[in-house]
Amino acid sequence: MKTVKLITLLALFISISSCSNDNDDPQLLQIEIDSVLNLHAPQEGGIDQMGNPIPISGEFTKFDFSTGATTTSSTEWDIAFRGTSIIINGGVSSGTTDEPERTGNAAAYIGTGTMSGVKAVNTSYLEQDSVNGYVLSNWYTYAGPPTHLISPTAGKLLIIKTRDAKYAKIEILSYYKDAPENPDAYSDEERYYTFNYVYQPNQGELTFE
Amino acid sequence: MRFKSIFIIAVLFPLLCLSQQQVEKTMDTVLTQQLNEVVVTATRTIRQLSSLPLPVQIIAKKELKETGSTRLDAILNEQTGLITVQNFIGGEGIQMQGLESEYTLVLIDGVPLIGRSAGTLDLSRLSVGNIKQIEIVKGASSSLYGSEALGGVINIITDKSNRNGIHGNLMHRFGTFNEQETNINLDYKKERITLGAFINRSSSNGYDLNNATNVNTLDPYFNYTFNTKLSYDITENTNLFASTRYFLQDSDYIPTDTEAGESEVREWNAHLKANHKYNEKWSSYFEFYASRYFAKDFLNNVEDNTLFSESFYKEVLIRPEIRATYKVNNKSSFIGGLGLDYEALNRADFSTTPKLTSPFMYLQYDTNPKEDLNIILGARFDGHNEYNSQFSPKVAFRYQIFDKLAAKGSVGYGFKAPDFRQLYFDLQGIAGYTILGYNVVNTRIPEMLDSGEIGSENDIFVPLSNFNDKLNPENSISYNFGLTYNPISELKLEVNYFRNDIKDLIDNQLIANKTNGSGVYSYQNIKKAFTQGIEFNSSWRISNSLKIAGGYQFLLAKDKDAVESFKNGGAFASFPGQSAFQLKESDYFGLFNRSKHMANFKVFYSNTQNKFNTNIRGTYRSKYGVLDTNNNTYLDKYDDLVDAYTMWNWAINKTFKENYELGIGVDNIFDFTDEPTSNNDFTFINNIPGRIFFTKLNIQF
């Protein structure tokens, strides 16, 4: 019996040390943890003063995970923002005015959990934008009267496969300029995204750790 | 801490006093008073309050008079476990056993009030100037009353003269905010004929709790209530009763700086009833009731006086009903009824003018198999075409364990018919969305596909076949178990446990995407919830002149899916601008607008020698939430809750020369209001205007 135990222990030891060897692999790039403050995502249209809907239009503000910055490139972008709409560079347009052409193969889903709690991507959930709508449409909650606030729904993360098959997770923190502690839908400027994100720059790597 | 002290005062104080003071012997008067307390609502037969197997409360005319209350909402707020809650659309509805006002049936002389334009029945529209008593039955009572009696029933019994000749009274009350209330009661009785007329006028300048806006919290209004009644004893065994009521209200309607308008309500009811007693065993009642409720409002743009919006709501109810009672012997009796509800509604944003006819029948058996045991078995059937028919049984018992201790319990089924909105809405929202009633989904969605409002079949998320079956009424099973203890006849202690298991709650849900980017929503049976708690009531008549009463309710009210979600770690919260964190099971606070603790304490003193009476009443409500403030749609312990509050009211009345009574009083002595403290703060308690000084004069003739 003793020998069996010993062999098991030995086997475990070897497998653990071989694992740690993997982690030391110099080929892997470091995971990027960053945040973006006040990404401005203006839109035109919406609802006029009489309460009648006007078609929404205006340029989307595009974001590229590989540079960690906004971009005006027509191809080198992963996700883009306009008002409360968030689109990805993959799939087809739902047909609104000024929607950029999707040149990449990005996909996404809305995950549930905290930023530290969601440790890996579940690829079976990934979807692309389609004529039926945007994959990332359900990220916020509109409070209605009396506050009329638009707030990121707690525990909803945007899980993204970038145009070049890398993965990222985003937690949106605020829709108002400077991410105020007590937002006021009447006085604070809206359509300013503040978010935390984690970017896994190694292609095909599904974990964020 | 505040709660604890109130609890001690409310529930234990009568007991403490008992040991310290010698109790006056007033057995006889107390006994007569208790015997006089009869209730008709609980069983639809005249029953002594103390003998009933159900949790029932009575508010007597004396209490209404002594407190100086003029509207129904004010007096109900002082009763254990009851609170009126204002919704954002306006209208003050009652919350009973933690159930919202849609689930409490409100009756006047046994027939229902209509006009729940947003689900809530606004109780502030009811004057208490001609009320004999208010009967409150808790727990599902659909076995007798059908729809809406899911949480309980409030029955307002109007007064009727019992003296020959012409009598009447004139009352005027004047209070802060220019609150004016006038009552004229006129009664005539000659042998077998009784006539009564009642006129009430009520008005107020309104008030403003939020100085940051130019908009009033309550806009100025005035209203009138007219009521006439006739009762005629054709023979000793035959009685004819007729009553009409008309209510009219006009008020300003100024919701924002840029829009202003007016709103009006017109309501009438006509109630005819004929009773005949055939013999010792059989009697029957023929009843006919009709009511019409009409409300409309408009808003103009202030700048150029052009129309901004308008809406209307017109509801009609007609109900013929026959009822019979059969007394088997001294121990057992039956009551049964058969009737028809005809309802019609015409309102803005409806696909049709719905007309519903629903027949109903009920039977109840009331028996005393032994002297110390009373059992009630009852059931009712409500037939419907537009949604599922309902069968509502109920069973209740009362057992006298000892001389001074009795146990009672009841289990019953309650339901609330889907309201017309949930069935027939066809609303185009200003932001481009559409809300469809359940019964119009199958016709409207294909139309919207044809017209291109919906792009393709792929845009429909909920299969249309889900709307083939009829919608289920919201329903619940309600349990009540209680003890009544009378250590001495002047002291009454009661405890009641309640639970309401509610299912098929109707909520709206996204069913399709529109090509304009908005959604189509419709109603479905989605949610499940429960409310449960314990209620204590105590009242002690220390002497003929002094009475103390206290009550307390502990309440848990939760959405069952939310409970699951918290349990499974699926609930998160985040403060504005910060990362989300996971919530624990114990973090769930429960449904909106529910306070865990509510208590009341009242002292009534009357001095017959100097002909005055005075009273002080306090109510307490623990913290509660009206809004989710941390982005998860739930109410949890990290949310910004409305603080607990206590209110004290005081009144004194003095009688001069027999027929004149002058009263003064203060409602909300410590001037509690929920005024916003910062720009981001909102007024959540809109129905508490602050301290009100009032004076009233009552002339009897």
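**Chain A and its contact with chain B**

In this predicted model, 33 residues of chain A are in contact with 29 residues of chain B. On the chain B side, β29 (572–573) and β30 (581–582) each put in at least two of the residues that touch chain A. Sorted by class, that side of chain B comes out as 18 polar, 10 nonpolar and 1 charged residues.

Turning to chain A itself, the secondary structure amounts to 1 helix and 13 strands. Chain A has 209 residues, and 32% of them count as buried. As for how far contacts reach along the sequence, take those in chain A between residues at least 6 apart: 56% of these link residues at least 24 apart.

Some of the strands of chain A come together in a sheet. Here 4 strands line up in the order β5-β4-β6-β7, forming an open sheet with antiparallel pairing. The edges belong to β5 (69–71) and β7 (85–88) of chain A; each has a single partner strand, so one side of each has no neighbour in the sheet. Going from one strand to the next, the twist averages 35°.

Zooming in on one pair of this sheet, strand β4 (residues 61–64) of chain A is joined to β5(A) by 3 bridges, with the two running antiparallel. At the residue level, D64(A) has A69(A) in β5(A) as its bridge partner. As background, strands of a sheet pair through backbone hydrogen bonds, in either a parallel or an antiparallel fashion.

Conventions. Residues numbered from 1 in each chain as written. Chains lettered and ligands numbered in written order. Predicted model: local features only at pLDDT ≥ 70, side-chain atom pairs only at ≥ 80, totals over all residues. Pairing = 2+ DSSP bridges. Axes fitted to C-alpha atoms, helices over the stretch in contact; angles between N-to-C directions. Contact = placed C-beta atoms within 7 Å. Nonpolar A, V, L, I, M, F, W, Y, C, P; charged D, E, K, R; others polar. Buried ≥ 20, exposed ≤ 12 C-beta atoms within 10 Å, placed from the backbone.
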